[in-house]
Amino acid sequence: MTAETVATTAPTAWDQARKLMYEAGRAALIAPTEVPVDEADGLTLAQDLVTLTTLPAFPTSSVDGFAVRGPAPWTLVGKVLAGNSPAPLTDDGTGVEIATGGMLPPGADAVLRVEESTRTADGRVTGRLRETVEWRRPGEEAELGEVLVPAGTPVDPGVLGLAASCGYDTLAVHPRPRAAVRIFGDELLTQGPPGDGRVRDALGPNVPALLRRYGCQVAPGAVVGPVEDTLDAHIAAIRSALAGADLVCTTGGTMHGPVDHLHPALAALGAEYLVNTVAVRPGFPMLVARVTGDDGRARFIAGLPGNPQSALVALASLVEPLLAGLRGRALPALASVTLAEPVPGRGDYTHLALVHVDAATGTARPLRHVGSAMLRGLARAHGFAAIAPGTSGEAGARVPFVPLPLLPGERP
């Protein structure tokens, strides 16, 4: 459906809208690039991480002690430190001192722990060997060519360490999508307290921060506004954003009022609606449209409502799954929480209710001050409890949970 279509259509079901956004993102998956291993944190693997050698690549001692051959006692003929390639042990009754991680000499058949060793009068080493093997065999962790981590996995410190241990210098990853923000509504203030009929813009700081936590790159200068309330200004603002972004988020103007120019601007830009209104409350109305550039690549425009909480619902409902697709990740699975108090339904609409989750009990308590224009409840929230259409959330009920993109340690 093109943006020239002005006839109203039935809102898209919330769960269906999430799937549509994810599929649209996957279809426009950002091409992979090679980056140094130490720059890949937070990105997404574009290829399976496979072993370049067996892991470990050679037999290594798992303890400090003595690598020995044949029965005790053993005459020491050398020392092996980690990072050295030792000479073979060719004679029974010989051994070498070895450090943890040191390469086992060819010909060695056991390792004696240093704390379980003694010296004979003539300076040789003796002791009782354990039945368990005290070294790591090649391939014990992984065989050559084995898939360790599949493509689509988020790169975290564990993946970075594993990649480095395998010998990777670079990783093929999907880069962060580039995002831009355009704030509509020239009645908004960007400095000082609200007054004289003008309100302070809250979404200018809020939306870019959330986009970064969703994995976007928001460059300096990518946030512009308030944009003048004219059609020409809206078209120019969106067009300039599309020139350097994979995703443009606009705030406000999603209705069809006298100064709401988003829909006409989308029509002028040849945009195609993917979702135009969603059956969710709060959050009405929200939209995502697609524009194909001269380079053949799809770019997306997410129209967020001007009310702050509604804008956040739009981000969690549409933008997060879209970005997951663009980044080559799986559609975010919804967790669940137990309601500590009742949460009302919203008739035929999904109700996304802001909740604070108790880390000790795992129960979610609905917050106050959660009107569409309010931010007080949002500042204490961990996410949304999702109440399905035609139902209400009773105390003790287990319901889906949509987490906010909080920093590590901030989630319950």
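Me: How do strand 6 and strand 9 run?
Reply: Strand 6 (residues 65-69) runs antiparallel to strand 9, and four bridges join the two. Phe 66 stands opposite Leu 112 in strand 9.

Me: Before we go on, what kind of model is this?
Reply: This is a predicted model, in which local features need pLDDT of at least 70 and side-chain atom pairs count only at pLDDT 80 or more, while totals for chains, interfaces and linings use all residues. Residues are numbered from 1 along each chain as its sequence is written, and side-chain values use heavy atoms, with hydrogens and water left out.

Me: What is the strand order in the sheet of six strands?
Reply: That open sheet has the order 16-15-17-21-20-18, with mixed pairing. Strand 16 (223-227) and strand 18 (272-276) each have a single partner strand, so one side of each is left without a neighbour in the sheet.

Me: Which way do strand 15 and strand 17 run?
Reply: Strand 15 (residues 179-184) and strand 17 (residues 247-251) run parallel and are joined by five bridges. Ala 180 has Val 248 in strand 17 as its bridge partner.

Me: And what are the partners of strand 26?
Reply: Strand 22 (residues 335-339) pairs with strand 26 (residues 398-403) in the antiparallel sense over four bridges. Strand 25 (residues 383-387) also pairs with strand 26 in the antiparallel sense, over three bridges.

Me: Turning to helices, at what angle do helix 1 and helix 6 cross?
Reply: The axes of helix 1 (residues 14-27) and helix 6 (residues 308-326) cross at roughly 30° and come within 6 Å. Axes are lines fitted to C-alpha atoms, for helices over the stretch in contact, and angles run from 0 to 180 degrees between N-to-C directions.

Me: Why are helix 1 and helix 6 called roughly parallel?
Reply: Angles under 35 degrees count as roughly parallel (over 145 as roughly antiparallel, 65 to 115 as roughly perpendicular and the rest as oblique). Helix 1 and helix 6 are therefore described as roughly parallel to each other.

Definitions and conventions. Pairing = 2+ DSSP bridges.
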